[in-house]
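Here is a friendly walk through one protein model, written for someone who likes to know the cut-offs behind each word. Please have a look at the sequence and the coordinates before reading on.

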Amino acid sequence: MKYIVFILFTVATNAAAQLMLKQGMLSLGPVSFTADTMIARIFQILFNPWVFAGLATFVISMASHLYVLSKVELSFAYPFLSLAYVAVAVFAYFLFSEDLNSWRIAGIGFICIGTVLIAQSGRETHAVDAQDTAQSTQINVAAREISG
């Protein structure tokens with residue numbers, strides 16, 4: 001649980017990147033590609049300030065996620081990324097007036113419940129690890145006393 005701050009930072013930057021990408025695409029208007037304009041259109045999209053910022057934020061999010069993966073189990077860390085959906089849905093409602101109907105709210109509720117359950121499993125795992133470490137330490141001390 002001590003890496004939860006980094007996990008939540010990963011979630012926040014992931015959600016922020018999505019919101020920036022959406023803003024960038026809205027500012028560009030409807031996108032269409034033709035053989036003549038495809039390369040120019042791709043550069044126009046990539047170098048839109050909002051899209052560029054969103055992509056840069058994704059890089060930061062990925063770097064944070066890689067750090068988290070070096071410290072905690074994937075099966076613990078990865079489900080937290082679903083909280084990015086929660087953040088995106090809520091912020092999209094306020095920023096872009098997107099629909100937040102009862103089905104989406106129910107889904108958000110289930111995501112939150114699932115994430116809490118996964119977080120609790122991490123506590124139990126770390127508590128068991130701490131107990132095992134304490135017991136190992138006691139056994140090592142006892143072994144030294146016997147042999148010494």
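**Ground rules**

This is a predicted model, in which local features need pLDDT of at least 70 and side-chain atom pairs count only at pLDDT 80 or more, while totals for chains, interfaces and linings use all residues. Residues are numbered from 1 along each chain as its sequence is written, and side-chain values use heavy atoms, with hydrogens and water left out.

**The whole chain**

The protein has six helices and zero strands. Helices here are DSSP runs of H or I with at least four residues, strands are runs of E with at least two, and both are numbered from the N terminus. Along the sequence the pattern reads α-α-α-α-α-α.

Of the 148 residues, 25% count as buried. Buried stands for under 20% relative accessible area, exposed for over 50%, and partly exposed for what lies in between, with a 1.4 Å probe and protein chains only. The exposed surface comes to about 9900 Å², and carbon and sulfur atoms supply 69% of it; such areas come from the Shrake-Rupley method with a 1.4 Å probe, and for residues only the protein chains shown count as cover.

A contact means heavy atoms within 4.5 Å.

**Helix α1 and its two partners**

Helix α1 (residues 4-28) packs against helix α5 (residues 82-96) at an angle of about 40 degrees, and their axes are 9 Å apart. On the α1 side, the residues making this contact include Leu8, Val11, Ala15, Leu19 and Leu26, and on the α5 side they include Ala84, Val88, Phe91 and Phe96. By class, the contact of α1 with α5 has 13 nonpolar, three polar and one charged. For these classes, Ala, Val, Leu, Ile, Met, Phe, Trp, Tyr, Cys and Pro are nonpolar, Asp, Glu, Lys and Arg are charged, and the others, Gly among them, are polar.

The second pair is α1 with helix α3 (residues 49-71), where the angle is about 165 degrees and the axes are 8 Å apart. Which means that α1 runs roughly antiparallel to α3, a word used for angles over 145 degrees, with under 35 roughly parallel, 65 to 115 roughly perpendicular and the rest oblique. The contact of α1 with α3 holds 16 nonpolar, 11 polar and no charged residues. Axes are lines fitted to C-alpha atoms, for helices over the stretch in contact, and the angles run from 0 to 180 degrees between N-to-C directions.

Ala15 sits in helix α1 and counts as buried because its relative accessibility is 4%. Leaving out residues up to four places away in sequence, Ala15 touches Ala84, Ala87 and Val88.

Several residues of α3 are worth a visit. Thr57, in helix α3, is buried, as its relative accessible area is 12%; beyond residues up to four places away in sequence, Thr57 touches Thr13, Ala16, Ala17 and Met20. His65 is also found in α3. Is His65 buried or exposed? With a relative accessible area of 11%, His65 is buried, and its contacts, not counting residues up to four places away, are Thr10, Tyr78 and Leu81.

Trp50 of α3 counts as partly exposed because its relative accessibility is 43%. Setting aside neighbours within four places in sequence, Trp50 is in contact with Met20, Leu21, Gln23 and Gly24. Leu66, in α3, counts as exposed at 52% relative accessibility.

Some C-alpha pairs that are separated along the chain are listed here.

| Pair | Sequence separation | C-alpha distance |
|---|---|---|
| Trp50 and Met20 | 30 residues | 5.3 Å |
| His65 and Phe6 | 59 residues | 7.8 Å |
| Ala15 and Ala89 | 74 residues | 9.3 Å |
| Leu66 and Thr10 | 56 residues | 9.4 Å |

**A loop residue**

Ser97 lies in the loop between α5 and α6 (102-147). Its phi is near 55 degrees, a positive value in a residue other than glycine. Ser97 counts as exposed, at 64% relative accessibility.
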